[in-house]
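Subject: Handover of a structure

Hello,

Here is the structure I promised to pass on. Please open it first, then read the notes below.

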Amino acid sequence: MKITVTGCNGRVGRRVVKLALERGNIVTGIDVIQPPFATAEEPWFDSPAFTFKQADLQDFESVLDVLAGSDAVINLAACPDPGDYKVKSHNDNVVISWNILRSCAELGIKRVAQASSVNVITLVYSTAQRLHYFPIDESHPCEPDDPYGLSKVICEMQADTIVRRYTDMTIASLRLHWTIPDRSMALGDGDSSQRLKDLWGYVQRDSAAHAFLLSIEDNGKWNGHERYFITAPHTAADEDTAILIQRYFPDVPIKEGKEIQGKQSLFDCSKAAALLDWHHVNDLPR
């Protein structure tokens with residue numbers, strides 16, 4: 001398969017390129033800046049199956065040009081946080097995601113995966129958390145008050161719009177948590193209050209990359225546009241999750257039919273498991 005990965009220089013983008021090449025795909029990486037030189041740790045940038053193209057993805061004609069010939073597109077190009085909480089992250093992200101989705105439609109590229117974020121709900125960038133129930137799934141209301149979270153809600157709405165008009169396209173919006181090498185990085189000094197606003201979540205970086213590759217495969221289980229939470233199945237906290245809920249969120253109910261056990265995550269990724277066959281790597285707390 002010929003796969004184009006936008007934002008290929010980013011932390012997740014690099015791992016997506018690596019995994020796609022390991023699976024025998026031909027990969028084109030797109031970014032606004034030149035990629036790093038291949039190193040002993042990242043030799044795949046010298047692979048004959050990898051081509052890099054520098055492009056400004058806010059220019060629609062440039063996007064049409066660099067995506068031409070692709071079988072599938074994985075979009076990771078975006079400002080990764082709200083910046084100054086004014087206009088740049090919102091405006092850049094909204095234009096880039098629309099340009100990529102609309103170009104794929106124009107070019108007949110049927111399979112697309114794009115990076116959304118857990119911050120479509122009120123987490124670390126919001127002034128106050130509005131949490132309706134635990135564990136949080138794709139039905140939870142999206143009520144961000146920051147420009148980054150809003151840009152991700154809009155990219156998902158853009159995908160809804162595209163598949164209404166182009167009914168043969170399949171688009172996955174992956175709501176990634178903090179992407180890191182392993183759980184130990186997220187533990188901090190053991191003070192649970194430090195990670196309160198992101199609900200002690202994370203996703204191991206290669207697991208996130210794996211989710212993107214699964215999202216562009218045709219496994220016959222879904223079509224149209226779907227949203228998926230992509231997080232580790234357990235928290236990066238020393239205490240059991242029920243204790244954390246009792247201490248910090250005593251008024252947030254447990255969703256009917258669900259239960260919280262051990263260090264279970266406050267995010268429900270069962271949809272990704274059921275439709276994408278995605279499962280997080282085994283870095284369970286010891």
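What volume does the largest pocket have? The answer is about 970 Å³.

Some ground rules first. This is a predicted model, in which local features need pLDDT of at least 70 and side-chain atom pairs count only at pLDDT 80 or more, while totals for chains, interfaces and linings use all residues. Residues are numbered from 1 along each chain as its sequence is written, and side-chain values use heavy atoms, with hydrogens and water left out.

**Pockets**

A pocket is an open set of points on a 1 Å grid over the protein atoms alone, with protein on both sides within 12 Å along at least five of seven lines; lining residues have an atom within 4 Å of a point. Grid points are joined across faces, edges and corners, and a volume is the space filled by probe spheres set on the points.

The largest pocket has 38 lining residues. Nearest its centre lie Arg-11, Ala-78, Cys-79, Pro-80 and Tyr-148. At least two lining residues come from each of helix H1 (11–22), strand S2 (26–31), helix H3 (88–107), strand S5 (111–117) and helix H4 (147–165). Helices (H or I, at least four residues) and strands (E, at least two) are DSSP runs, numbered from the N terminus. By class, this lining has 20 nonpolar, 11 polar and 7 charged residues. Nonpolar covers Ala, Val, Leu, Ile, Met, Phe, Trp, Tyr, Cys and Pro; charged covers Asp, Glu, Lys and Arg; the others, Gly among them, are polar.

The second largest pocket holds about 240 Å³. Its lining has 16 residues, with Pro-233, Phe-267, Asp-268, Cys-269 and Ser-270 nearest the centre. They split into 7 nonpolar, 6 polar and 3 charged.

**Cavity**

A cavity is a set of points where a 1.4 Å probe fits but cannot get out. The whole structure has 1 cavity of 30 Å³ or more. The largest cavity contains about 60 Å³ of space. Its lining includes Asn-75, Asn-93, Gln-114 and Lys-152. H3, S5 and H4 are the elements that give two or more residues to that lining. The lining counts are 5 nonpolar, 5 polar and 1 charged.

**Helix packing**

H3 and H4 pack at about 20°, with axes 9 Å apart. Axes are lines fitted to C-alpha atoms, for helices over the stretch in contact, and angles run from 0 to 180 degrees between N-to-C directions. H3 and H4 are therefore roughly parallel (under 35 degrees). Contact means heavy atoms within 4.5 Å. Among the residues in contact are Trp-98 and Leu-101 of H3, and Tyr-148 and Ile-154 of H4. The contact has 10 nonpolar, 6 polar and 1 charged residues.

Helix H2 (residues 60–67) packs on H3 at about 55°, with axes 9 Å apart.

**Backbone exceptions**

Most residues other than glycine have a negative phi, and most peptide bonds are trans. Tyr-85 is not a glycine, yet has a positive phi of about 65°. Tyr-85 sits in the loop between strand S4 (72–75) and H3. The peptide bond from Phe-134 to Pro-135 is cis, with omega near -10°. Pro-135 lies in the loop between S5 and H4.

Best wishes

Key: Angles under 35 degrees count as roughly parallel, over 145 as roughly antiparallel, 65 to 115 as roughly perpendicular and the rest as oblique.
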